[in-house]
Amino acid sequence: MARLIAVSIDCRNEAARQTFEEIVSRRRDYLVTKGQGTGAADMLLLELDESRPQQTFSHIRELLNASPDLEVFLTASRTDPQMLLEAFRLGVKEFLPQPLTRQEVEPALARFEERFTGRGSGAEMQPGRVVSVIGARGGVGASTVATNLATSVQHARQHESVALMDLDMHGGDLGLFLDLHVAQGLKHLAKDISRLDETIVRSSLAQHASGLHLLASGYEGFDEAEPSAGSTMRVIGLLRSMHRHVFVDCGHVLESAVKEALDCSDQIIVVTTLSLPAIRRTKRLLEALGAAQYPAGKVLLVVNRYVNDQKDLLNETEDLLGLRMAGLIPNDYGTAKEALDHGKPLTIMASRTTIGQWYLRGTDQLIGEKAAVNGTPSGKERSKSASFFGRYLPSFGPETKGKPSVV
Ligand SMILES: Nc1ncnc2c1ncn2[C@@H]1O[C@H](COP(=O)(O)OP(=O)(O)OP(=O)(O)O)[C@@H](O)[C@H]1O
Ligand SMILES: [Mg+2]
């Protein structure tokens, strides 16, 4: 390691403090700093004040605002998923349950070292941009859209890394769209949130010939436990730390894991069709998304399977929903089905067709960085209150009812 790692400990539990200090002191490159304050510490072991957790959280917020490179290890005697969720959202890197054991602390330090070493070589790597795709109802084409937006970006930016995550927990099938056979996916990762790190996530990714990395769902939709609270957000956080672009197929059910994904996305693409049931569901979905108070421009609506003689219906739908469509994807069932049957994206198998061209030419306009600049703060600037989970937090942003806007 290039330099010593400065460790600060803010822990009232004497046994926890001693165990941590003992383990850290035995490692060659660590220096436990004495006295109060984190100073120029690289790592802080912080104990949660279990009677006033919000105080600890605001302390963490202040610390990370002042020192974004500081890594906070949180320790507490109880493991509450809601608390873990909030802690990881704030940027806590590791959670160590009390009593502290060598078996828990050593791997956490190893993960820290990997990140610490990577920091120097990774030269100010920006967190990746997350685009979530959600269907207004089943079968509207959410998976086709998510897959082809991802492969289109990978095609246009071959030197940039792109990940596609299948968050459909009712039979996610993105492996079929890319002809990739994946043994383990999100279901496996979500089993133990405390063990999640880049190495484990990386080992669960399958690489497509285009370069794209797929994280499969693994959920079949039969009586399975959902991902534990916080795990989706954590997985996406890790994916965005490893990839410049992350696309998430959210299926069409607005459940907790999907809400987590939407909260931590820079852009949300709602896919619909101009059928009456789909339009009705779109209205309901947009109302539900309105409750999350996302910034203007974060939610975009696209019509899939559009045919030109639907112009009047399109205008009426836009009036009803109070927003303009951000994209009209042409209808071509034969080509879409053939691509799926061959396990090939439209952008590769049918790059000369109208639909293939739509993805290759339209993607950047739809979800390019410009969209983020116009409407969506990214990374650390994202408003904490603009979220489904924001309602559990004390401060609320201004009401943004009324017409959602699009870029
Ligand atoms: N632009 C299009 N034109 C015609 N057919 C399309 C188009 N896009 C997708 N399809 C077809 O629509 C069907 C459903 O697509 P897809 O699986 O992507 O939908 P989905 O919303 O993910 O469905 P599910 O709810 O089952 O996950 C597939 O047969 C696909 O080939
Ligand atoms: Mg799907």
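Trainee: Is Glu-224 buried, partly exposed or exposed?
Mentor: In this predicted model, Glu-224 counts as partly exposed, because its relative accessibility is 24% and that class lies between the cut-offs of 20% and 50%.

Trainee: Where does Glu-224 lie?
Mentor: Glu-224 is found in the loop that runs between strand S9 (213-215) and helix H9 (231-242).

Trainee: Which residues is Glu-224 in contact with, leaving aside its neighbours within four places in sequence?
Mentor: They are Lys-187, Gly-218 and Tyr-219. With Lys-187 there is a polar contact of 3.0 Å, made between the two side chains.

Trainee: How many residues apart in sequence are Glu-224 and Lys-187?
Mentor: They are 37 residues apart in sequence, and their C-alpha atoms are 9.1 Å apart in space.

Trainee: Changing topic, where is the place of Gln-98?
Mentor: Gln-98 also belongs to a loop, the one between strand S5 (94-97) and helix H4 (102-121).

Trainee: Is Gln-98 buried or exposed?
Mentor: Gln-98 is buried, because its relative accessible area is 14%, and buried means under 20%.

Methods. Residues numbered from 1 in each chain as written. Chains lettered and ligands numbered in written order. Predicted model: local features only at pLDDT ≥ 70, side-chain atom pairs only at ≥ 80, totals over all residues. Heavy atoms only, no water. Helix = DSSP H or I, 4+ residues; strand = E, 2+ residues; numbered from the N terminus. Buried < 20%, exposed > 50% of the residue type's maximum accessible area, 1.4 Å probe, protein only. Contact = heavy atoms within 4.5 Å. Polar contact = N/O pair within 3.5 Å; in protein donor to acceptor, adjacent residues only side chain to side chain.
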